[in-house]
Amino acid sequence: MEYTGSQYIGEFVDGRMEGDAEYILPTETKYVGEMKDGMFHGQGTLYFPNGSRFDAVWEKGLVVKGTYTFSDGLQYNTENWHYCDSYDRRFYTEICYGLKPAGISQLTNMDPPRKIPPSCYDCGDGFYNPNTRIVKDYKYRFLRNADDDEHEWIVRTCRKGLDETTGPEPQS
């Protein structure tokens, strides 16, 4: 575990992680559930640093069946998913708590939205800098290098921080 930066709290059988356990990854994602032969196996939940979770049944490290719940309580549905689509563009918090008055539109489900560093994009798990092609988490820790496909997707679909000041210039 010391080489990967992970932490394991649980039982061992023949030197392998097995039984009820807690496995914490270096990204602070935490798995709580059953392990067998060193793999997620049986009932288990992945808890993500952003507050979301994935409850699943695992077999030899692979998901058999699972449910993803966003940090605000919205559950992802693989069938009939109509959240924030062309027919109803409201965010989940707007569905739950109503729309804001005219002129005070919500930009993201998080209200107020995160402040994005200049020229960077908010890609959901952190900020993406298109010049360095690096994604850093919201505490500015390295997450990953973006490949060409991810770069194109982020630039095309994600909210961007301003490159320049907008509005009237302050008078000195």
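In the hairpin of E3 and E4, two residues lie between the strands, and Asp 37 takes a positive phi near 55 degrees. This is a predicted model, where local features need pLDDT of at least 70, side-chain atom pairs count only at pLDDT 80 or more, and totals for chains, interfaces and linings use all residues. Residues are numbered from 1 along each chain as its sequence is written, and side-chain values use heavy atoms, with hydrogens and water left out.

Strands (E, at least two residues) are DSSP runs, numbered from the N terminus. Two of them pair if DSSP finds at least two bridges between them. E3 covers residues 30-36 and E4 covers residues 39-47; they pair in the antiparallel sense over six bridges. Lys 30 has Tyr 47 in E4 as its bridge partner. Tyr 47 also stands opposite Arg 53 in E5. E4 and E5 (residues 53-59) are antiparallel too, over six bridges. Their hairpin has five residues between the strands, and Gly 51 there takes a positive phi near 95 degrees.

Next, the pockets. A pocket is an open set of points on a 1 Å grid over the protein atoms alone, where a 1.4 Å probe fits, with protein on both sides within 12 Å along at least five of seven lines; lining residues have an atom within 4 Å of a point. A volume is the space filled by probe spheres set on the points, which are joined across faces, edges and corners.

| Largest | about 950 Å³ | Phe 70, Tyr 83, Thr 108, Asn 109 and Gly 124 |

Notes
Helix = DSSP H or I, 4+ residues; strand = E, 2+ residues; numbered from the N terminus.
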